[in-house]
Structures are given as C-alpha cells and as structure tokens.
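Please work through the exercises below with the model open beside you, trying each task before reading its solution.

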Amino acid sequence: MVDFLAENNLCGQAVLRIVSRGNAIIAELLRLSEFIPAVFRLKDKSDQQKYGDIICDFSYFKGPEYYDSKLEAKPDLQDLDDEFRENNLEILSRFYLAFESVHKYIVDLIRYLDDLYEGVYIQQTLETVLLNEDGKQLLCEALYLYGVMLLVIDQKMEGEVRERMLVSYYRYSAARSSADSNLDDICKLLRSTGYSSQSGAKRPANYPESYFQRVPISSTFISMVIGRLRSDDIYNQVSAYPLPEHRSTALANQAAMLYVCLYFIPSILQTQQAKMREIVDKYFPDNWVISVYMGITVNLVEAWEPYKAAKIALNYTLDSANIREQASRYSVSMEGLRPQIQQLLKEGFLREEIILDNVPKLLNCLRDCNVSIRWLMLHTADSAYDPNNKRLRQIKDQVINDSKYNPKILFQVLLDTAQFEFTLKEMFKKMLSEKQLKWESYRAEGSERMTELAEVFSGVKPLTRVEKNENLQAWFREISKQIESLNYEDSTAAGRKTVQLIQALVEVQEFHQLESNLQVCQFLADTRKFLHQMIRTINIKEEVLITMQIVGDLSYAWQIIDSFTSIMQESIRVNPSMVTKLRATFLKLASALDLPLLRINQANSPDLLSVSQFYSGELVTYVRKVLQIIPESMFTSLAKIIKLQIHAIMEVPTRLDKDKLKDYAQLGARYEVAKLTHAISIFTEGILMMKTTLVGIIKVDPKQLLEDGIRKELVRRVAYALHKGLIFNPKAKTSELMPKLKEMAATMDGFYRAFEYIQDYVSIYGLKIWQEEVSRIINYNVEQECNSFLRTKIQDWQSVYQSTHIPIPKFPAVDESATFIGRLCREILRITDPKATCYMDQLNTWYDLKTHQEVTNNRLFSEIQDTLGTFGLNGLDRLLCFMMVKELQMITREHYTLDMTVHHHSPLHFFVLFLSANASKGYANAVAKTQRIWGPYLESIMKVGQMQILRQQIANELNYSCKFDSKHLAAALENLNKSLLADIEAHYQDPSLPYPKEDNNLLYEITASLEAAGIHNPLNKVWKATDPVDWSPLVLGLLTLLKQFHSRYTEQFLALIGQFIRSVMEQCTSQKIPDMPSDVVGALMFLEDYVRYTKLPRKVAEAHVPSFIFDEFRTVL
C-alpha cells in the first residue's frame, strides 16, 4: 500500500494540508492577539464618549439603517468615522482574514470527511484512514486543532471586542457587497460566547460545548476520533517511557487532545461515567493540570466542574490521600535526583566510555528528572489555579506542602537537567557522526594486531622467547582476515561475529599457555579491547537521540516558565556565569517549536517560515527579557560611578603641589569606582560566555544581545528622564522652562558621560549607540505628537522609530500634549505669545508687554541644543511646521467668509481702479464693516508669524552649531545646495538641460540634511494644507500666508497696499496735512520689512510706491 503521507497519495496530502494550515492559523491568532487596537475594548470613558457611536457590536445588524442615519445626521461624527476607517482598516482586514481562515478550516475539514464518505479517494474510507498510523494521527489532530483555535480566540480576544471588530470591518470594507462573502457564517461562528478570561469571571452556561457546536461536524467522525484517543497510543510514546509510573506523562499530548475533543460530545462528560472513569484511569490518575497547546494550561478540577460524570471520575485522582502520595513521590524523587545529576555534570565525568556503557541508566535519569519537573511545574503553577476558587486553593496548598515545593530548587534542577541533556545530546551526536569512521579504525587496528602476532609466530619477526608455531601463525592470520571481513552495514551479524572473536581470543590465551609472554598478552588484550569498542560503537543508535528529544519536551512550560523569570534574573545578578546554564534551558524550551512545525514542514507549506519566526521570536523576546537584568545591573552600578565622579572625585589639575597629592588621591572613592567598574566587566563577561545560539530559526549572538540590552535600558531611562523632567506648570509666575532645561541638560550629560566611561569596559561603540537611540526617542515622540495633526495616524507597529526588541516606552499624557516634545513646544509658544510679549528682531529677544522685562532670548535655543541635541531642535522645528499647517488651514477656511465680505463692499473695488479723493473715509468705512472677521484672522496670522520667528531661531542655532562642530559638513552642504539650485535655475532658462526626475530622491534627501544643518529659509517654505500687536509675527505671518498661493496674489496685495499709501498721501497733499498719517507709516514699515525678510530688491516695493515717499518716511522715523 502507498505510504499515507506520500506526495502521490491525495487522501493523505489533503488532510495533511488541513492540519498544517490549522497550526499556522493558531500561530496567526496568537500573533494578532498582541495587536488588538485598544480602542475596540472601549475601557476608557474618553474612548466611550468619542467612539461609542461609531463602534458597535452585533446589535448593529438588527438595525443598520438606524446607526447609519445617526452618522449621516452629524458631519463631525461622519468625519471621525472616516478617520477611524483610514487608521484601522488595515489591521481589521488582517483580523478578518484570520477569522475567515478559522471558518474555512472547519468547512474544508467537513468537505474532506464528505469526500471520504462519498468515496472520492479510491480505496479510502474514514475507517481505513483511522487504521493507518499517520491517518489516525492527522484526523485526531484536525479536530483537536479546530477546538484549540476556538479556545484561543475566546481566551485572547474577548467576545465583545471580536464583535466590534467584525462589525467595523463589515461597515468599512467591500465585503458587505460581495456575493461570495461568507461574513454571515463567520459572524455566527465567532459571536460573543459571554466568556471572559479575567480572574474571577463567571463561566457561561454550556460553555464551551455550545460554542464548539456552532458549526455541525459529523458525530460519527467525532466518536471514532475519541474512540481512537481513548484506546490507542496514537504516537507510540509509551516506548520512550517504559516505566508504568511514567505512563501519564508519555500520553500527556494525547490527553490534551482528548480533553479538547470531548467538548464536541459533551454527553460523555455529562452522563457516561464508565467511559470517563476509563479516561481518567488511563490519562489522569496522578495529574489534573494539563497543557493544551504551546503552554496553555487547564485545571481539570475547574474545567470539568459542570459535568457530572467527569467530576465523579476525577474525584479519585483528587482524593486527599492520592494528592499526598503523588506530591510526596515527586518530593522524594527531587531529593534523590538533584545530587545524582550534579555528579553527572562534574567536569570530566561524562566521557565517551561512560556514556556508551551506561546509556539505559542515563536515559532513566533523564526521564525521572523531566517527569518530576513537569509534574511540579504544572501542579504548582499560579496560572492553573483561580485564587477565587476555595477548593483549588486548598489543592494547591496541599501540593506545595506535601511536595516541599521550593521554586529555587525546582529551577536549579531544571537548569541542571537542561545542561545534562544538552551535553549528552551533543556528545551523542558527535559519536553518531563519527560512528562508522571509529568502527573502521578499530577494525583496522585489531586486524593489524593479529597480523603482527602471526608474523611473530612465524619466527621471522624477532620477539623475545617466542618460538616458531605455524599453527598459531595460521590461526592468527585467519583471525585477522575474519576481523577484516566484518561488515559495518550488516551491524547485527558483525556484532554476533565480534563477540565470537573476543571469546576465541580469550580461549587461545588460556589453551596455548601464552600468558607467560607479556607482549603477546598485551597484543591479545589490545585486540579484545578494540573488538569491545567495535561492539559499543555499533550500538550507538539514533533511537537514543529520538528518545531524548521526546523525554526532554518542555512545550508545557512555554508560558509557565515566565513565573521563574525573577529567580533566573536574581541568580544571574549574583553569578553572571549562570548564563551558560540558561543557554541550555532556552535550547530545551526551543524544542517546543517541533510541535506546531512538524505538520507544516511535512506539508512543505509556505507558512513554515512565518510560523517559525513567530515562535522563535517569542522565545528570543523571552531570552532578552531574562538577560535584561545584566544591562539593568550595569546601569545601576554606572549611576553610582557617575555620582562618585561628579560629586566625590576632584579633577586633578595639570600642575599640583607635592603636599596636596594626598588630598587629590582620594583612594577610597577611586577604589569604589574601580570595584563598580569591575562588577560591570563581570556582567559583560557573563553574557558573552553564552555562545552564539540558534533559537528556533533565529540566531542569537550574545554580543548583539548585550548591545540590544544596553540600548533598551538606555532608552528606558532616557525616555523616563525626558518625560519627568519636561513637565511645566503654565500657572507659574516665572516660566520653569530655562531652569528645567538646565536641569535636564545636566541629566543628559550624566547619561552621556556614563556611556562614554563604560564603552571600553563592555566593548561597544558608546557614541554611536547614544546618538542612534536618543535620536530615535526624540523622533518617535515627535511622530506621536504630530499624530494629533494627522488624519491617518502612524501606529506603533507602523513607526520606523519603534522597535519590538528595543521599545521606546509610552507614558500617559499629563496635559493636551501627548509627549515631552509637545509640552516643550507649547511652553515656548506660551512664553513668547504675541499677545503678551513683544519680539525685538535686532536683539533676538522677547520682552513682556506690561513690565517691559526680558522674557527670553536666543539663548533658549542653545539650551535646547545642549539638552536634546540637533535631533531635539529638528523635531521641534517639525512639530512647529505641523502647527503652522493647522493654523494656515484655519485661515484658508475663513478665507471664503472674508472674501465674500470684502467683495460685497464696492469701495474696495473702487480703490483698486483709481485714486480716491476721500481715501481715509472710504478705507475707514470698509474696515469698520469687516471688523467682525479680522479678529480670528489676525490671531491665526500672528500665531503663524510667531512660529516662523521660532523656526528662524532654530535654523540659526542649527547652522551655528553645524559650522562650529562640523565645518566641513556645513561647507559641503552649502556648496551642494548652491550647485543644485544653479542647475535647476539653468533648467528653467533652458529646458534641454538636465533636471532631477520624479523617482530621484536627491532633492528630498538633501532637504532633510539642509534642514538639520539649518541651511534653509523657513519663510520660503510652502505649507499647503485694534489692540497694539507685535509687529514681527504679523509681518512674518502675512508673508507665510502669501507664500501659500500663486505669486500674482502677492503682486495684487502689494499693489493694494501701494494704492492705499498713494491715495492717503494724495489726500494729505490736497488738504495740506503736514504729518504723514500713522496708517501710512505702518504700511511703509510693512513694505520695508517685507523686502528685508524676503531678500527681494527694493524696486519690487518702489514699483507700487514712489521712492520720494520712502525718503520722506525715513525722515519721519
């Protein structure tokens, strides 16, 4: 018969593909469970108020028209809905595809069963497939995986959240109009069950059986699967656990499958006591906490509580005497195994001969260790016991007391077992790879010895006191040939023949009185030794490695292991070399990947890589979490070093009097610094002792792990310092800005100096890491702050600055700003507000309008440069740009109102055409009639102008620091900028000359570099998107606004101002008014400043205002 899993066996391949897909779906569900948008939980009141009307559960389907009409009635709500769709449709689509794949999985399984029933697969029926070993396994797995999917979905994604996501997807996607969409079926399958994974939550009635029965599956199929799981050892695991007391461990995976599958026929759990008693006696006589899939633990006491038959059957296991017996047995086992395994791990104890002579004993020791660890870890795990359940608490307390449970001892045994297992595996693999080579070398050695002895008895080869003996000569020659003829391929015959040869060599020594000659005896002994080695070597079998792999399974601890993290970290802190033992434990944990990947690999599925990456990534993340204690401890020591360096140790001057040498020596403080530095070096050494390790499919380099850990700790501390240090009180009488910036600069300098000090001791590029991580922190915070101005938000998983391995922490907002950079920016805007301050352009200083005291000056930006560096100033500039765009959009929205009002008043049209005889009165009337709309318009323009002044100051500071710190870079950028502009101008004059193409990123990239170096004019950027006033912000605000439109608008604006000046001056001349009116002086000042800021030639202004008016204006000034 054709192999069931052969490529040409369609029946086997079909079910293999289904099972393979099932494992991949579970991995995707687990992956997505970490990316559920928080907004769908609607936990915060703010979220409920904001999104309550646009996020609905399945109640939406009862009256979609009502919800849609409610949205249409409110434009703001509609706008919010559109924004929500843009931000969440991508992740919703990913979730929907995962949900759809669950439904498709069960539909495909049912179709496969129908095909079997209808005889689509020739000579194959459900019965014949279940008789086949692989077929039996795959059909059982297919049903089990479907149950696991449903349990994972309900455990990781709450019912209400699922419903909200599905409704949102339905509303936002095209699926609602698609004819072949099975959205209705998916909604029916995944509607809320009422289950909650929260501690203390009440279990819904008939859960999970009613959930499992939402899609009907053939009851015959389920019964046959459960029958096989009840009666057979479907994975032949018992052979790896020969001892009867290990049987429940041997069948643990099968027990987990049976637990899940029983929910498909709850009547067995409820009423069939005989079957349940049989199941409990076989699978659960000594255990009640099981691992369902990849460490998801279930306590049968709680799970089977509602089912009468199951509860009664389990009572025998949960009898107090049985619990005491099991717990005591494992307690005694642990006490005996601990010294035994420590003896085996002693340096030089595990040698090749010992391993080959004691394989069964060593395997028994491994079995005992792993079984004991498994039972104790599962039955003492906090996650397996609900603290609100009194009976569970009592059982847990009894287990802990009777087993004398000590987590540190258990962890130590786990470490030692993992190390022993790893060492044994590596040695066995090496022996297996060298098996044939060694066997052949022993055979050659033995054959040579016999040939030499034959020559000795020929009388030709001189050997003391050996007489010629032709019979022995011929006999030894024959033995030599016999040894030579041994065949490695036929190991059974070779082994039998080798034993006979050893016996013959013993007999020849006895019967021919050869003991008297020591050299002949030595030859015979050596040959016997080689033959013995051949027998040992031929017995090295791969089955031993397979048994070790089965016995060493740690998949049940995939999640429980996290409870030992603090113990691991404490042991590393005390003894950093502990990392080498932990490496073996992590590799043991990596064996859990075999469970989900086996079928995916067999099916040659393209999902292999993504599933491997997910589980390997999870494990590597855990490894990083455990080893993070090293960078944390290093930074704690580092903080002490910096404190000593700044406050205790005096800097030694270049010249020093001899009698003061003792004062500067400060031996105590310097010894303390040396001690702390040594401790840091030891920690580094500890992690570097862990060799490069392949965890799943991800290679873990200890040096990289150390660097990432240092980066993570640096990011955590710096981000926290920036968050705490830059919180301002807007009600403070004097601004806290400068003192807090100075304080923050000192903190950042402390971090910088610490990093500079440590880099040589831990062999890292300190400056590189510092600049990369600080820039990442600032850019990420700027990005998050700018999100409030964006319609389509940048989520954490989309951000180029956020990282899973080195995450930038997010802190709750303390005011309207989301991050420290927003608080800093708004504080600067507050203290330089044009309503309260006046900006003096020549002095680069802001003065208070009331007290005339200086508020701040350009030194502020030098302080920001000292605190946050170039990245901080750049980020501030970028945030100001977003704020300006918002203001300009408001101006543009108000523009239509202003435009209509202005056009309604004919005097303005009149003024454009010719000079008015009564200009003052006409302009005054026009201004009076439009008075109502000037207020908000002026406020927005002033804000834009204020931000432009700040951006100019930022550009100046950046340019100054760039020229000072890196003059060659500044010169190179300036020259490149000039040459590019010259080329572009030349292209516009002669289009045949080259110009950067659309796909050329040169201009975009060079702009970023120029802005970082301050080599740009903020006033030239296009942004599209009655009381006395501060003059500079007004001029710059208007200038920026005009830049957003075509140049003809600027010309028209200047023409109107010129018209106004000439009309009023004409009236003054005709009425013989000697003084120039203040309105005209203001308009002329605007023109002068406009020309100065835009760096345009004077003739632009003189085209609209005669030069003699400018001359007279200067005399007035």
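Two exercises follow, each with a worked solution.

The model is predicted, so local features need pLDDT of at least 70 and side-chain atom pairs count only at pLDDT 80 or more, while totals for chains, interfaces and linings use all residues. Residues are numbered from 1 along each chain as its sequence is written, and side-chain values use heavy atoms, with hydrogens and water left out.

**Exercise 1.** Describe how helix H6 and helix H10 pack.

*Solution.* Begin by locating helix H6 at residues 133-156 and helix H10 at residues 219-231, whose axes lie 10 Å apart at an angle of about 115°; helices here are DSSP runs (H or I) of at least four residues, and axes are lines fitted to C-alpha atoms over the stretch in contact, with angles from 0 to 180 degrees between N-to-C directions. Next, list the residues in contact (heavy atoms within 4.5 Å): Lys-136, Leu-139, Cys-140 and Leu-143 of H6 meet Phe-221, Ile-222, Val-225, Arg-228 and Leu-229 of H10. Finally, sort them by class, which gives seven nonpolar, no polar and two charged residues for the contact of H6 with H10.

**Exercise 2.** What is the strand order in the open sheet of three strands?

*Solution.* Reading across the sheet, the order is E5-E6-E7, with antiparallel pairing, where two strands pair if DSSP finds at least two bridges between them. The edges are then strand E5 (837-840) and strand E7 (854-857), each of which pairs on one side only. From one strand to the next, the twist averages 25°.

Methods:
Helix = DSSP H or I, 4+ residues; strand = E, 2+ residues; numbered from the N terminus. Nonpolar A, V, L, I, M, F, W, Y, C, P; charged D, E, K, R; others polar.
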